[in-house]
Amino acid sequence: MAAVLANPIARRLLRIPPSYFVFLVLLATLWVARPNMLNLNIMGIFVRQIVPLGILVLGQLVVMRVKSIDLSGGGIILLINYFISSGTFPGASMPFFVVLALGTGLVIGLFNGFMIGSRRVSAVIVTLAVSIILVGLVQFLSSGNPPGDVPKLFNDLYNTKFLSVPTPVLFWVLLTALVWLLLSRTVFGRYVASVGENAEAAHFSGVPVQRTVILAHTLAGLIAAIAALVQTGSIAVGSVRVGLDLPILAVAATILGGVVFGRGDGGVWGPFFGALCFALLFVVMTVLGIDEPGKLIAQGVIILGAAIFYGVRVRNP
Amino acid sequence: MVRSVFNILNGRNTRQGLWGLPLLVALLISLWLTVETTQFATAENLFNLVAQAMPLIIAAIGQLVVVLIGGLDLSVGSVISFTTAVLALDQPAIVLIPAVFVLAAVIGLINGLAITRFNVHPIIATLSTQYIVLGITRILRPVSGGTVPEIVIDAVSGSFLGIPYPVFWGIVVILAAWKLLYGSRYGLHLFAIGGGIASGAESAARNFGVSDRRNIILAYVICSCFAAVAGVFLAGRIVSGDPNVGLLFELDTVTAVALGGTQLSGGIGSLHGTVIGALVMALLANGMNLANVSPFVQTAIKGGILLAVVGLQSRKKMGL
């Protein structure tokens, strides 16, 4: 085993985030089982469903690069969905909702960042507590019943296509590219990398560690708000349960993509494919006729397998 | 004197974490409920409260063991559901009860091995087992049903000298955990490993001859076994197997552990803090039910209290 791992080619292969391998395996499975499924239209519909998760992953990967975590995405999605669907703001236009959503995400992200960066409270607890509070608040406001309908424009926009690719998917790719540029080409990106690598060393090198962490969380809040807008467009109705398991799935997708707490080997595209894996996984299971319990088991086995595969690599650098 | 009271209240310079403040919160809630409602301070309600809080207390103690070494176990809820499902399999109790603990230990072993041998992050490893175990539970029992062995039902529903059995469950579990954490070499090693991990020196304990790998694996096994005890207790209470009974338990246990002043970075925490944390959550639920507060507001208030208590803890480093 050790000899195999020491081989330069094997080591080069092991540097690649597990999400790419899982993606290829799933694609091959689908190709063997149902070759006719592999066309742009069908895949577009399946990939479109995963866009909220994919966007949430972008925020998650930024905070995980600074050795933090954000589990408040579920609460943010629920709250924004409630704002839009409840009719609290009658006759409001779409731009108003977009600004409201982004503002909400910004404030919640800033609060998370302040508590984690300044007050140094545990990131898991703060973001979990924020999520619990928001979920409780929304359920109280709506008395546990799903609120009303979403303005039709949201769903119409969600259903549009550009060159036979659904626009939400294009939007996701665009946003991923933006985050990629942000992390690889800007000063902030360098700060994020150095804080994740070693916060103490970064501090003594003059990197504003606290500000970087706060900014990373604010960004994650903002990105969660964008995910909430897309999610709301996709389900087109109000809901009191939507998106609650997304944050933890986002963590899983990010780690599948080779970004672990403080380490960013997978870049931005590794987690991107991590999210795609969940889309494909869903398709493959549906095609193979695996029911709900089987899906859960397969999901767990794949995440664990990929993480073990990646963990072995980290252990033998 | 004043200074030491102050230190207990803000949890500074202590390995036990901030447990004074949650205790104060618990006492205040109890006081408020005694004054406000007539039903609270009755023996019946208090025993009921203990029985309601017991699964959370037991599972939270297991979670504490894992948190002390800087880990996190998200599979607790699934293990609880799984235990109730296995107990309702219609086999003799002599087979089922040992089987439940063996299976729980295996789940813990998988968690521990993945984390120590294969370097998987605890959140990912235990999240995966959460999914896998939940899937198996749903295959065993798609909806709630079946009956658990008679002996399990009797063990939680009877009473001795006017004191219901759940109280004894609590005493036995807490005593066992006390012995494990404060009366054994293993407990000392837990704090040593966790303290090292929290301060960024992961090999600190190993350098002093404490086997970190084996102890970490054991911590996850213990956590799963405590979850199985909670599952047996719950199975006795609901009399059947239920694939959803443990839902969100992993978050509740983390909440209880954090409420009790234990720091998730490891090394700092206490058994009494955790029990107090679980009691605060049970008191809140019980009290707000008596006061007719909507269950949804209860959720929000639970989150708010968690945020407030944890926000008051002082930490030197940022992080999970």
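Trainee: How many salt bridges are counted between chain A and chain B?
Mentor: A salt bridge is a side-chain nitrogen of Lys or Arg within 4 Å of a carboxyl oxygen of Asp or Glu. Between chain A and chain B the count is 0. This is a predicted model, where local features need pLDDT of at least 70 and side-chain atom pairs count only at pLDDT 80 or more, while totals for chains, interfaces and linings use all residues. Side-chain values use heavy atoms, without hydrogens and water.

Trainee: Which helices of chain A supply at least two residues each to the side that touches chain B?
Mentor: Helices are DSSP runs (H or I, at least four residues), numbered from the N terminus. Here they are H7 (94-118), H8 (123-141), H13 (209-235), H14 (246-256) and H16 (292-315) of chain A. H16(A) gives the most, with 15 residues.

Trainee: What is the make-up of that side of chain A?
Mentor: Ala, Val, Leu, Ile, Met, Phe, Trp, Tyr, Cys and Pro count as nonpolar, Asp, Glu, Lys and Arg as charged, and the others, Gly among them, as polar. That side has 33 nonpolar, 11 polar and 5 charged residues.

Trainee: How many residues are in contact across the two chains?
Mentor: Contact means heavy atoms within 4.5 Å. By that rule, 49 residues of chain A meet 46 residues of chain B.

Trainee: How much area is buried between chain A and chain B?
Mentor: Buried area is the accessible area (1.4 Å probe) that two parts lose on being put together, summed over both. For this pair it is about 4,000 Å², and carbon and sulfur atoms give 77% of it.

Definitions and conventions: Residues are numbered from 1 along each chain as its sequence is written. Chains are lettered from A and ligands numbered from 1 in the order in which they are written.
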